[in-house]
Amino acid sequence: MKLKRRRKLVKYLDVLDYPIRFNPFVFSRMFLLWALLGLIGGIISGTYWVVLMFLTDVIGVYQGWLVIPVMAIAGLLAGLIIYFIGDPGEMQLIVNNIRFNKGKLDPKNNPSMILSSLICVASGGSLGPESPLVQVTGSTGSWMGKLFRLKGEELRSLSIAGMASGFTALFGAPLGGSLFSLEILHHKHAVEYYQAIIPALVASGFSYIVFAIIVQLGLAPLWDLPAYEMANFFDFGWAVLFAVFATIVGWGFIFCTKFFKKLFEKLKTPIYIKTMIGGILLGVIAYYIPLTRYFSHFEINELLQENGTVQFLVGVLIFKIIAIAITVTSGWRGGFIIPLFFCGTALGLLIHTVFPSISLSLTIVSCMAAINACVTRTPMSTTILLATLTGFTYFIPILFASLTGYFLAPRIPFIGAQMEKEELIQVKNKSTKGIK
């Protein structure tokens, strides 16, 4: 039966491909495949977002001290799902499979990733839906590639295009999402995967349209920053200076995450116990500083309208970093890109109290760009994403800040799979010797 189905599929593909084979344009059957993947990615992302917002509204009614038991229960449920259905992994696994596993992303753990991440994100974890969406849409690309018998770089490109469709749907930036899906794969020789740029752009474009229709996405910037007018060329210098401060915070986040990772690794308990402990800690932080709860998609605008004191901003920044680190290391599922943008916003507001004559928008965007580029090693896509999300039309200062964060980042990347294969083996050997 399977052989007959495959023969029928090949026959239908030949029928579809026949008129395309003789067209005089670059347009080809692969374009249709990229477009179909983008449409599917947009449907997946839009459906995920609608369900996420519904669950967030349902769980969000529990405020005050109730947030502690609610997040503890959410952590327990997410951990049980991972324990019994399967561990879907994290962003590092996605990058590792694209680089070292011929671009194959296994869709078998998608149910676990979808269910666990929905609970984690909706209940108030400091991680966003970008990582779950990327894994699900990327593995959908792998599945389609196997279905159509693609191999080698065609299969890898289709997986990357699926990832791009997930990034784009959430950020509403087809170009930025496409570049991010390529740039996050490799921090040293970024050009390595840029043969997949056209598949990623096509899938992103179609995904963006479908997602926008489903969630009624507007065209305005997501975050309400004041209008910016370049005063003089010194603004480039200010952007670099603020980026240096943000990079220091990025280093702090990386070391904070490593600290909590060691603590949770010492706990020889099932993952659902770790996720429950993580939920209790996150609930306590959210009880005292409510703005640290959730993945900051909406909280950035709340922070901009807060007019908080220096002490308040310092507290928000420090405990948001701690909350992200706990969420990442305790087994909760999600992505940390938008939470890092929140940290950049808090730092920018804090710096603006010291340099009030400098544009608030320039200060905030510089900090957002540098801290994300420092942690994720994605200066080009970070620049484009922030220009889209904030409406900051002066492209160059953001680029200067992103490059500053990138070049001042730790030599060993936060996402270990971004290293060269030889470097990765050396680090693993050193860690193994340390354990012994």
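This is a predicted model, in which local features need pLDDT of at least 70, side-chain atom pairs count only at pLDDT 80 or more, and totals for chains, interfaces and linings use all residues. Residues are numbered from 1 along each chain as its sequence is written, and side-chain values use heavy atoms, with hydrogens and water left out.

Begin with F253 and F336, whose ring centres are 6.4 Å apart with planes at 50°, so the pair is tilted (rings of Phe, Tyr and Trp, the last by its six-membered ring, pair if their centres lie within 6.5 Å; planes under 30 degrees apart count as stacked, over 60 as edge-to-face and the rest as tilted). F253 belongs to helix α10 (residues 234-266) and F336 to the loop between α13 (310-329) and α14 (337-354), so the pair ties together parts 83 residues apart in sequence; helices are DSSP runs of H or I with at least four residues. Both F253 and F336 are buried, where buried means under 20% relative accessible area, exposed over 50%, and partly exposed in between (1.4 Å probe, protein chains only).

Next select F259 and F260, whose centres lie 5.4 Å apart with planes at 75°, so this pair is edge-to-face. F259 is partly exposed at 48% relative accessible area, whereas F260 is buried at 13%.

Then display W49, F211 and F295, which form one aromatic cluster.

Finally, which cysteine sulfur is closest to that of C343? It is the sulfur of C256, 10.0 Å away and too far for a bond, since a disulfide is a pair of cysteine sulfur atoms within 2.5 Å. C343 is itself buried, at 1% relative accessibility.

Key. Helix = DSSP H or I, 4+ residues; strand = E, 2+ residues; numbered from the N terminus.
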